[in-house]
Amino acid sequence: MSQLFYGSINYDALLNAIKTGKVKTFKSASGVRLVNINVWVNDQPDKFDNDASIQVQLKDEFRTEKGDYIGNLRKHVKNGSQAVDAEIVTGDDDDDLPF
């Protein structure tokens, strides 16, 4: 079953990381510029209730250095499932409405 994670990326941190020249980037065949990232999914939420973190992927020559963290994610949890009684949905109430 798939899972939904939601969160945000710190745009300023991403730009700063790219400007260092250490971040792995590339241009696709269609001309779209892309940044490689790593997503770390935690076994337990961290102290800020984040379930995952996003980190930029560094070029091979900088792999020994620590990449910048640019965002966090949280796992989407559905609200309690609501059982709906079919009679309520399809019931034929005589409510005296003209339509």
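Tutor: The protein chain contains two helices and six strands, where helices (H or I, at least four residues) and strands (E, at least two) are DSSP runs numbered from the N terminus. Along the sequence their pattern is β-α-β-β-β-β-β-α. This is a predicted model, in which local features need pLDDT of at least 70 and side-chain atom pairs count only at pLDDT 80 or more, while totals for chains, interfaces and linings use all residues. Residues are numbered from 1 along each chain as its sequence is written, and side-chain values use heavy atoms, with hydrogens and water left out.

A salt bridge here is a side-chain nitrogen of Lys or Arg within 4 Å of a carboxyl oxygen of Asp or Glu. By this rule there are three salt bridges.

One of them pairs Lys-22 with Glu-65, with the closest N and O atoms 2.8 Å apart. Lys-22 sits in the loop between H1 and strand E2 (25–27), and Glu-65 in the loop between E5 and E6, so this pair links distant parts of the chain, 43 residues apart. For accessibility, buried means under 20% relative accessible area, exposed over 50%, and partly exposed in between (1.4 Å probe, protein chains only). Lys-22 is partly exposed because its relative accessibility is 27%, and Glu-65 is partly exposed at 37%.

Another salt bridge joins the side chains of Asp-60 and Lys-24, at 3.7 Å from N to O. Asp-60 is in the loop between E5 and E6 and Lys-24 in the loop between H1 and E2, so the pair ties together parts 36 residues apart in sequence. Asp-60 counts as exposed because its relative accessibility is 54%; Lys-24, at 23%, counts as partly exposed.

Asp-60 also forms a salt bridge with Arg-63, the closest N and O atoms being 3.3 Å apart.
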